[in-house]
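Trainee: Could you walk me through a model, one feature at a time?
Mentor: Gladly; let us look at it together.

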Amino acid sequence: MEMIAILGSQGLWEAVLRIATPLIFGTLGALLCERAGVLNLGIEGIMAFGALIGWLAVFNGTGLWTGLLVAALSGAVFGLLHAVLTVPLGLSQHVTGLGITLFASSLAYFIFRLSVPLAASPPTVRPFQPVELGLIGDIPFLGPVLSSQTAPTYLAFAIALVLMYVLFRTPLGLAIRMTGENPHAAEAQGVNPVRVRFACIMVGSAMMAMGGAFLTLSAFNSFFPTMIQGRGWVCIALVVFASWRPGWALTGALLFALVDAYQLRLQSVLEDSIPYQLFLMAPYIAAIAVLAVTARRARVPQALMKPYRRGER
Amino acid sequence: MRFELRETRSTALIIGAPVMAIIAALVLAGGLIALAGASVIEAYRFILLGAFGTRSSIAETLTRATPLILTGLAAAVAFRARLWNIGGEGQLLLGAIGVAAVGAELTAGLPSAFAIPILFVVGAFGGMALMLVSLGLRQVFKVDEVVSTLLLNFVALLFVSMMVEGALRDPLAFGWPQSVPVADNATLPRLMERTRLHAGLIVALLLALVIYLIQARTIFGLQSKAAGFNAGAARFAGVPLGRTLVLVACISGGLAGLAGAIQVMGVRGHVTTDISPGFGYSGIVIAMLANLNPLGVIAAACFTAIMFIGADGMSRAVGVPSFIADVTVALSLLTMLVALFFTQYRVRW
């Protein structure tokens, strides 16, 4: 009975939105890169670096939004690096992405150790506070759930809507999708595939970094190594689940967050009979299971992972 | 500016590329050391001292290189067939916990000559099983093995955590979550007295040689290469793709599992969740630094071990965080990718 009662609790749905936010940022970022034809496995490291640098900026006295912006910029820089290596040089997107992840995350830990001395409890910042919603906050159930969320969560939803609009309703979106499907055709239409890919990777990576920064500036208030915990890889899986559509990416992130929030609460109900590690495994196994169901049907951008060289087939 | 495919590649270029890549990575990391306020030359001197300065530091470096050779081979074998096994970390952990499960009691009465090989096989099976899950997901459901192996790393770590706190917990460890120790007869013999260097190094070196010979001299070696270069053409030429991939997955997962087994039997004696400081991930870098050559893996693993062991000593001496080793190794992967590109292409203005 208690297992069902959890689903009706306000706390669960507050947690769902909070857990989903970094996944929405990350999944949309990865989706944008892949729509232009480039897989970005740098996501895990870019999120870690965004988490560190955003937090470090705020720790050193900047505003929270400036921190988020600094994180986004750092993401764009790593995106630029990924773009240089995978677009003009056409290097393996798998290996380059993993290299970026290893580089960005180890650089984040290095900078963290350098700027914050070892201490028993890590230093904290004052994170984003819940947004006052006025009348909406009075709606039963929904009101309190929404009132506990911070501004970046709303930003994530807004970005999803913007991305949906841009990708499917604007000439720019057409150019992006064409570059991901057939860069040669795009080129024939006067689109510069190289430029489109650079822009998409940089903007997408900026989103990933903001997802990381959400963790240190809103969900928690401090940075610690290994805090990303595979969230980036989950985002890569969610893109496949979403079949490269932003609306489904949003849905997928929320569903995944529901699984995660549910298992966290179930742990406290069933902690005596079942080892807690089995619950913690659930999200990862859910991600793999979802892939097993959806991967066959997913409509992959046709030029994904195929380097583009002018005049070469 | 454009890039033009080279028609011939000189030996100097092929050998020079990784050397240039590592130098470039060291120079870039030097910038970070300077940023941290230390003298770059001094820092690198301490890294070399830390890795080679004394008899025991040399032994420690070789001890660190042992699992890295195996995880490097695991990645190199798989990547050659374009099977993107990024799950070395999880496979290593399953190999380790497998040894802890079997090694404590089942092999306790056996002489070492039997117990050690049996546990090697158990460890290899642990890694193999996890890799075959990912291969199965790829072959049946078209699940990208990169994502599945990466996600399974976290599942494997949680599984090990569950075991060392549950079924395999050592009751004598004062509540510390660690597994029961492997029996003495399953402990690998030491190669140097008063150091931790153990016979696992010889196993790793031999395996590198064996895999080199398999790749260079056997039909399977050629088939796995063909499957990687052009799967369609390979199938057309009669290569049994499915069987080849299963075999590659078994070897790759098995090597990673064996790394875990050897780490338990040679160094730790028991399993904890921190038994691997990223050996599986480092293996990917090592395979790429070696340009997937099994003998090159030995050199690349030694470079990585030198950086990690050396950076510990350097960190104590000049106060630069030892994470600089991780940064340097990751950078060397990126510079190596660029260097490999220029062994294949030349720049035309």
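Trainee: Which residues of chain A does UniProt list for "transmembrane region"?
Mentor: First, some ground rules. This is a predicted model, in which local features need pLDDT of at least 70 and side-chain atom pairs count only at pLDDT 80 or more, while totals for chains, interfaces and linings use all residues. Residues are numbered from 1 along each chain as its sequence is written, chains are lettered from A and ligands numbered from 1 in the order in which they are written, and side-chain values use heavy atoms, leaving out hydrogens and water. Now your question: the unreviewed UniProt entry lists residues 12-32, 38-58, 65-85, 91-112, 154-176, 196-220, 232-256 and 276-295 of chain A.

Trainee: How much helix does the chain have over residues 65-85 of chain A?
Mentor: Helices here are DSSP runs of H or I, at least four residues, and strands are runs of E, at least two. Residues 65-85 of chain A are 100% helix and 0% strand, with the end C-alpha atoms 30 Å apart. For residues 38-58 of chain A, the figures are 76% helix, 0% strand and 32 Å.

Trainee: At what angle do α3 and α10 of chain B pack?
Mentor: Angles run from 0 to 180 degrees between N-to-C directions, with axes fitted to C-alpha atoms over the stretch in contact. Helix α3 (residues 55-80) and helix α10 (residues 241-268) of chain B pack at about 170°, their axes 7 Å apart. α3(B) and α10(B) are therefore roughly antiparallel, a label for angles over 145 degrees. Contact means heavy atoms within 4.5 Å, and among the residues making this one are B:L70 and B:A74 of α3(B) and B:L255 and B:A259 of α10(B).

Trainee: Is A:Y109 buried or exposed?
Mentor: Buried means under 20% relative accessible area, exposed over 50%, and partly exposed in between (1.4 Å probe, protein chains only). A:Y109, in helix α5 (residues 93-115) of chain A, is buried because its relative accessibility is 16%. Leaving aside neighbours within four places in sequence, A:Y109 touches A:F223, A:P225, A:T226 and B:F323.

Trainee: What is the phi of A:S243?
Mentor: Most residues other than glycine have a negative phi. Phi of A:S243 is near 50°, a positive value, and A:S243 sits in the loop between α11 (231-241) and α12 (246-270) of chain A.

Key
Angles under 35 degrees count as roughly parallel, over 145 as roughly antiparallel, 65 to 115 as roughly perpendicular and the rest as oblique. UniProt positions are given in the numbering used here, feature names are shortened, and annotations may be inferred rather than shown by experiment.
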